[in-house]
Every structure is written in C-alpha cells, then in structure tokens.
Amino acid sequence: MPRVNRPSVAAVTSTWERPGYRFDAEGVASIPASDFGDPAVYERERAAMFRPGTGMMYLGHDLLLPGKGHRLADGDGRVLLTRDEDGQVRAVANMCTHTLRPLTDTSEFVDKSCITCPFHQWSFRRDGSLIGGREITFGSGDEGAAVRASLALPSFEVLSWQGFHFGIDPQRRAEYELDFQRISNDFAERGLSDHLNFDGWTIYASEDTHYAADWKAFLEVFGDCYHVPPYHPGLASFSDCDTLQWTFGPNYHVQFLDLHETRGGGSEMYTQWVQGLERYAEVRGEPMSDFAVAWLGIYPNIMIELYAGLRVLSIVIPTGPDTHINRSHYLVPTDMESVVPGLPNVMKTAFDETGVEDYVLIESRHAGAMTAKSLGIDIESYHVNLSGPAPEAGTAHFYEWYRAQLAR
Ligand code: FES
Ligand SMILES: [Fe+2]
C-alpha cells in the first residue's frame, strides 16, 4: 500500500514557523465567554469579518456556477456571483440601484446574459453596469454615461482559487494570494495536490442545519481534534488522530490525517465506507491510498473537508448572536455511484453520524458559555494542549485570527 508522502516534522512545540509566517500557539488567549451570544460583539463581527471587501469571505464555488450567468452567493443573500462571457467571475451587490430592492431571492443558477430587476425592469450586465430601465432615459453623451455609471451595481474584489471564489479586501490581495500558495504547497509536499482539484466531482447533496449556538463555537470545534478519539467512535476508527499533522497560514489551518489501521471498524457505516473505497479502487485499477482526510478551514466561513472518496464544503452562516446555519455540500466523484452503487450514500450517512455528534458538542459549548456568563465566571476555554500532535492547536489558531480581525 503506498504511503502518503510525509515531510519530516520537527517535535511539536508551541511555535510553528514558515517563510513569512509564525504562529505561537501558547501566546494566544481564548475568546472570553462574555463574547458569545452578545449582540454588540456580533455586530462588530458582521462588519469586520462577514462583509465581502473587509477581509476574505467565501462566496461560492464553480460547481454552483456551472456556466455563464448569475446566482446568489453561497450563504449570503446580499451578494450576486456572476460569470461573464470570458469566464471571469465577479461579485456584485444583490441590490437594484433604482430603489435598493434585492434583484433576486433564489439560489438557482440563472443562465441569462443580463440581470433584470422584477420590480420596474431595470437591467444590468454581469459586470454590474446598467443597461437601462423601462421607459426611462438617463441623458445622453458624457453626462448620460456618468449617470449610468453611478447607477451600476456596487461590486466587490474577487480572488479565485481552485474553483472557490472569495470576496476580499483589495488592500490585502497579496496576503491572501500567498496563503493560497501556502495551502497548495502544503498539499503538494504530501503528494495530495489532486485533493484540491474538483474536476470530475459532482454535488451529491446540499443541506442546511440550524444551530442554537454562536457561530464561533462551530469554528472552535472544527479546530479541535482532541475530541475526536473520545467522542467520535466511527470517525476516530477511520482517521488516525495519532498521525495528525498541522499546517498554518495567517488565514487558514489544515489537519492532515492518515487512515486508521482499524479501517472504520468503530461503526458499521465507516466500515462500509472503507470497504466501498477498496472496491472503487479495485474496479478502477488504482492502489488504495492510506490517506484519510484533510480538514482545511479558511476563516471566517468555510471548512473544506477532503476525505478519501467524499468532499464536504461546510459553510458557516451566522444568523444572529446565538444562532447560525451550517450549509453542507456533499461532493463525490462523478463515476462513483455507477462503479460502487450505494457508496455515496454510505459515506454521507457516516459523515452525518459524526455530524449529529458534533451538533451536541457545538450547542453544549454555547450553553456552557451562557452558564459561565450568567454565573459571572471567567475561565479560559480550551487549552493549547501541546502533548502529542497538539490536538487543539487549530482552536488556538482561530482565536488568534479572530482577535487580529477585530483589532483592525
Ligand atoms: S427596484 Fe429594481 S427596477 Fe425598480
Ligand atoms: Fe467533531
């Protein structure tokens, strides 16, 4: 069985360093319980993190924008993603400049050359420029052109990587480009670059799950591998937490894990997953890899979960100080259902088994933070925990990123 390339890793310390970036996990303070479920903090987060143009916010993937046309951004009804004749993807405000009403409220992909407002039929090109309005003139010559230009849909800077599209602060483009280069390098040096290529993959299902918890609790849990062995019997028997390797950049972290030697033996669904993968590899004449998963979190709002055989794009959508939605897009290889009938459903069922467990973990974290607040107790939550593979380093890294965004 081929081994995944494993770069030699120095003994874990509290500091991770790479060219141009350093993360000292021990130097990070956790987010205080008082910042959970707080309306004023939530408003600051919305302004500093969940607004395209102020940081880096995921808006959609090519799989959701399958041609030339437009659709709502993935998880944000304020923004439209468009793809033009030349293939360029843009983000514009979903806000007609006539009376500021939304231009559309559907997440369906619209295969049209222009965006027409349903209310008074003003229409816009996919670059946001105004074409015209029903029975209205905007003047002629330079003056008319200036009026039209002022009525274009406001647009946001977009940075695209591996089919993902992000609304970014243009001043920080170089920083984000460097981060994406780092992610690509992290995968390349492990022989895993294929896992960032979505050609030949298709959306099998998309689901929204509603949580009664501050969105930050979801990110905390995502960066915490410490809970996997004691809390997820199925997942822990599939991905071997003793092989955990971290990589970090200013705006992301990745956890790489190999397949556990019990090969999913902790749950019937995970067992079937590995057996199905073996069958899939056999039919295709490919070796079975010992790669289990890479969990890639790009702050603030997307977690890209790249399992052997299954990929899940997991979007966190805050809906209030103490509620959020997690949107999951489940992706499988286009030929998988025909090669191993039923395998996509097996993998999704196994993933959801773990998701139900995490649901409790996330809501209980929020409930605990509310208890601490109401009792006036102030205790550091999470610990850097540098023993072994430092299984909580991702949570500390999220804290560091979060504090930096609010301080800007
Ligand atoms: S609100 Fe869009 S055309 Fe009037
Ligand atoms: Fe979990």
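Predicted model: local features only at pLDDT ≥ 70, side-chain atom pairs only at ≥ 80, totals over all residues.
Figure 1. The domain assignment of the protein chain gives residues 15-50 together with 182-407 as domain 1, and residues 57-158 as domain 2.

**Figure 2. Where domain 1 touches domain 2**. Eleven residues of domain 1 are in contact with six residues of domain 2. On the side of domain 1 that touches domain 2, the largest share comes from strand β17 (residues 311-320), which contributes three residues. Sorted by class, this side of domain 1 has nine nonpolar residues, one polar residue and one charged residue.

**Figure 3. An open sheet of six strands**. The strands are arranged in the order β3-β11-β10-β6-β5-β4, and their pairing is antiparallel. In general, the strands of a sheet pair through backbone hydrogen bonds, in either a parallel or an antiparallel manner. Strands β3 (56-61) and β4 (69-73) stand at the edges of this sheet, and each has a single partner strand, so one side of each is left without a neighbour in the sheet. From one strand to the next, the twist averages 35°.

**Figure 4. Strands β10 and β11, with helix α3 packed on the sheet**. Strand β10 (residues 155-161) and strand β11 (residues 164-168) run antiparallel and are joined by five bridges. Which residue of β11 is the bridge partner of Glu157? The partner is Ile168. Helix α3 (residues 173-188) packs on the sheet and touches β3, β10 and β11. The direction of helix α3 makes about 20° with that of β10.

**Figure 5. The packing of helix α4 with helix α9**. Two packed helices are described by the angle between their axes and by the distance between the axes. For helix α4 (residues 215-222) and helix α9 (residues 343-375), the angle is about 125° and the axes lie 9 Å apart. Angles from 65 to 115 degrees count as roughly perpendicular and those over 145 as roughly antiparallel; α4 and α9 are therefore oblique to each other. Helix α4 passes α9 in a right-handed crossing. Helix α4 makes the contact through Ala217, Phe218, Glu220 and Val221, while α9 takes part through Asp358, Leu361, Ile362, Arg365 and His366. By class, the contact of α4 with α9 has five nonpolar residues, one polar residue and three charged residues.

Conventions:
Residues numbered from 1 in each chain as written. Chains lettered and ligands numbered in written order. Axes fitted to C-alpha atoms, helices over the stretch in contact; angles between N-to-C directions. Helix = DSSP H or I, 4+ residues; strand = E, 2+ residues; numbered from the N terminus. Parallel < 35°, antiparallel > 145°, perpendicular 65-115°, else oblique. Left-handed = near helix turned anticlockwise from the far one by under 90°. Contact = placed C-beta atoms within 7 Å. Nonpolar A, V, L, I, M, F, W, Y, C, P; charged D, E, K, R; others polar. Pairing = 2+ DSSP bridges. Domains from an automatic or database assignment.
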